[in-house]
Structure formats: structure tokens, C-alpha cells
Amino acid sequence: MSPRAGQAGHPAHTLAFVESPVQLLNVLEWAHLHGLRGAPESARLSVPAQARRSPDGAQAPAGAELTVVVLSPTDPMTRGQLRRMADLARDEGYRVRWEEARGGTTAPFHTIGGLAGSLRRADRIVMGDPFSRYVQLLLTITRAHDLVVVDDGTATMEFVAQLARGERLVRWHRKGGRPGARDLLFAPVSSSARRRLTPSARRRVEVFSSMPVTETPEGVTVTTNDFAWTRARFGPPRITKGADMVGTSLVETGVVDGDRYLEAVRSLARAHGATRYFAHRREHTDKLHRLATETGLEIVRPDLPLELIARRGPIGRTILSFPSTVVHTLPLALAGTGVRVAVFDIDPSWLTENASPRAQGFLSGVTGTAKDVHRLAAVGLA
């Protein structure tokens with residue numbers, strides 16, 4: 001897909017919607033690969049530093065081909081990481097528009113109303129989460145003929161597979177349950193979004209991903225994300241002798257039992273000499289406190305996506321992880337550094353009774369398709 005997809009005589013303008021730090025990171029990776037231009041340095045310097053760092057980005061410099069719209073969540077950890085990522089995007093010369101999209105009952109109406117004009121003018125729409133109801137609603141407004149989906153973790157694998165099979169868009173850990181009242185109410189919007197994300201003679205669709213894509217929908221362009229921007233911008237890191245562990249939100253999403261997870265972390269830390277635990281931004285404070293108390297691990301709450309944290313360093317020579325996005329992304333971000341990524345399978349006995357029937361197979365697929373990682377057997381629990 002050409003980065004200059006606008007009408008003749010006028011460069012394409014791209015509008016990107018992100019709701020998480022990883023999505024924003026992957027928008028920057030996509031823009032780097034396609035050579036999108038940031039605002040000239042002279043235009044950036046003409047804007048006061050305080051204005052450049054303001055959350056709303058109202059005085060962002062002109063001339064950028066990319067505007068990033070942050071649909072801010074309410075979670076403090078996610079907001080903090082998003083603010084740091086927004087600063088990096090501004091440093092690259094892109095516009096950033098911060099929307100308090102969930103700041104009260106009327107916030108969605110104000111957000112959508114304020115974005116309607118930009119949506120209609122945009123030549124290309126980039127989104128990090130096609131499952132998001134917010135994004136699906138915004139897709140009903142746009143007239144853009146180029147749509148791009150950048151990685152939002154393992155959900156990208158499921159999105160592509162569902163699009164190829166013509167299924168409704170449902171997150172993998174919810175699939176198998178009965179649709180609720182809100183799902184039924186929103187079904188027409190979701191169906192409209194799926195149609196818009198299906199390529200046609202008038203619409204081009206690109207998926208930009210570091211995840212394995214085994215079922216490619218007809219007409220969809222799949223572009224590989226190899227984290228070239230991250231490797232060029234940061235590092236190489238200082239490597240320590242020990243091991244670090246990566247946390248997961250599988251407990252918070254109701255897939256894995258909390259007690260079983262704690263036992264697994266304790267066993268892994270003891271067996272492999274791990275000293276630090278990099279918490280997922282969605283992990284609950286009470287759970288992390290219990291992990292620190294019962295395992296002795298130092299809990300680290302990163303202020304940036306783990307790919308950037310690891311690339312900046314210091315980072316352990318071995319990184320231990322359960323099935324998650326990082327088993328695909330960290331080997332790319334850390335290519336050539338000698339860091340070893342080891343992934344452990346989720347034992348079926350750890351799953352909760354409310355876990356989706358597809359959970360075990362999906363998680364095994366996440367692990368089994370990862371490249372350049374060491375796959376280790378499920379840890380034994382006392």
C-alpha cells in the first residue's frame with residue numbers, strides 16, 4: 001500500500017486511533033516503515049515546549065502526515081504509558097490529539113462529534129483494536145478508502161482469522177459465551193465495521209503485524225512489523241546475568257486461576273533465578289503485592305511498552321514469559337543482543353471454569369507459532 005494514497009496533487013493524511021501504549025508503538029513502527037513524514041523541525045520548534053507536551057495537543061505543529069488520536073482509557077497505568085508514548089510520537093514530528101473519551105456519560109458523544117470532520121477528511125484510517133466498540137463506531141463515519149490494522153497483541157491473530165472466515169468480531173477470551181444485551185444492541189455497528197474491514201474494489205485493507213498470520217483474508221495486504229523503529233531509536237541494552245519475568249493479565253481477564261498463577265510464578269522464579277517481575281499494565285495492585293510478598297520478586301511497573309524497556313535496558317540475559325504477545329515481539333526488538341526468551345505453556349488445570357472453551361488451544365497456538373524463543377514445558381506445581 002502506497003504511503004501517498006491521497007487524491008492527485010495532495011499528500012495523503014492519515015488518522016490513527018489508539019487506546020493502548022502498544023498500539024501507539026506499532027503505529028510509530030508502521031509510519032516508520034511507510035516513510036510517513038513528521039512536521040518539519042522548524043515547525044516543531046516554533047511551538048512552545050509546554051504546548052508540545054500538553055495532553056490535548058491543541059497547538060501541535062502543522063505539516064505532519066499523521067495525526068494520532070488517543071482514545072484515553074481510565075486506567076492510571078495505561079494512561080501513564082500512553083502519555084510517554086505520546087511524547088515519543090510528538091518527538092517524531094507527528095500530531096497527537098488526546099481525547100478523554102471515557103471521561104463521563106457524555107464523553108463519547110463529545111469525542112465522536114469532535115472527530116467527525118477529521119474522519120470524513122482523512123484519506124487513511126489506522127486502528128489498533130478492530131474489536132473496540134469505540135473504533136467500530138468511528139468506522140461508520142469515515143469515508144477513507146485505505147484502512148490499516150496495526151498490532152494489538154495476540155488479538156490480531158484472532159481478528160485476521162475471524163475476518164477470513166466471515167465471523168463476527170469477538171475477542172478470543174470471550175468467544176463461546178452467549179452475547180449479552182449490550183452485544184445485541186451493538187451488533188449492527190459491529191457488522192458494519194466488519195464489512196468496512198473487508199477489502200473491495202473501493203477499499204484497501206492492510207494488516208501490519210509481528211504476529212503469525214495463517215489465514216489471510218482475500219485481498220488483505222499483510223505487512224511484517226520487525227520493530228525497525230524501536231531498534232534504530234533505542235539500545236542496544238546492557239545485559240545482566242540474571243533472569244527477568246514478564247507478567248500477564250490472564251488472571252484479570254478470567255482465563256487463569258489467581259492461586260495457580262501465583263504458584264507458577266513462584267516455581268519459575270525459584271527454578272530460573274528470576275529477580276524482577278515486569279508487571280502487565282492491567283495487573284491489579286493487590287495481586288502484585290501478593291506476588292512480591294510470596295515470591296520475593298522485585299515488581300517493576302514499566303512506564304513504556306516492554307519492547308522499549310527491554311531495548312533500553314538493563315535487561316536480564318533470560319526473559320521468562322507465559323503465552324503472550326511479547327514472545328513474538330521481544331525476539332524482534334532484541335535481535336542481535338543475545339537475550340534469550342523462554343516461554344512456558346499454560347497447564348489446562350490452571351484455567352478457570354469461566355474460561356472460553358477455545359482458551360487452551362489459542363494460548364498453545366500463541367506459544368507454538370513464536371519464532372526464536374525457547375519453548376519449555378509447563379511448570380510443575382507443588
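**Pocket, sheet and cavities**

Helix 1 (21–34), helix 4 (76–91), helix 12 (306–312) and helix 14 (359–368) each supply at least two residues of the lining of the largest pocket. The model is predicted: local features need pLDDT of at least 70 and side-chain atom pairs count only at pLDDT 80 or more, while totals for chains, interfaces and linings use all residues. Residues are numbered from 1 along each chain as its sequence is written, and side-chain values use heavy atoms, with hydrogens and water left out. Helices (H or I, at least four residues) and strands (E, at least two) are DSSP runs, numbered from the N terminus.

**Largest pocket**

- On a 1 Å grid over the protein atoms alone, a pocket is an open set of points with protein on both sides within 12 Å along at least five of seven lines, a cavity is a set of points where a 1.4 Å probe fits but cannot get out, and lining residues have an atom within 4 Å of a point.
- The volume of the largest pocket is about 1,100 Å³, a volume being the space filled by probe spheres set on the points, which are joined across faces, edges and corners.
- The lining comprises 43 residues, of which D152, S249, H280, R281 and R282 are the closest to the centre of the pocket.
- Helix 14 contributes the most to this lining, with three residues.
- By type, the lining residues of the largest pocket are 18 nonpolar, 16 polar and nine charged; Ala, Val, Leu, Ile, Met, Phe, Trp, Tyr, Cys and Pro count as nonpolar, Asp, Glu, Lys and Arg as charged, and the others, Gly among them, as polar.

**Cavities**

- Two cavities of 30 Å³ or more are found in the structure.
- The second largest cavity, with a volume of about 30 Å³, has a lining that includes V22, D151 and F227.
- That lining consists of two nonpolar, five polar and two charged residues.

- Seven strands form an open sheet in the order 3-2-1-4-5-6-7, with parallel pairing; two strands pair if DSSP finds at least two bridges between them.
- Strand 3 (95–99) and strand 7 (221–224) are the edge strands, each with a single partner, so one side of each has no neighbour in the sheet.
- Strand 4 (residues 124–127) and strand 5 (residues 146–150) run parallel and are joined by four bridges, and R124 has D146 as its bridge partner in strand 5.
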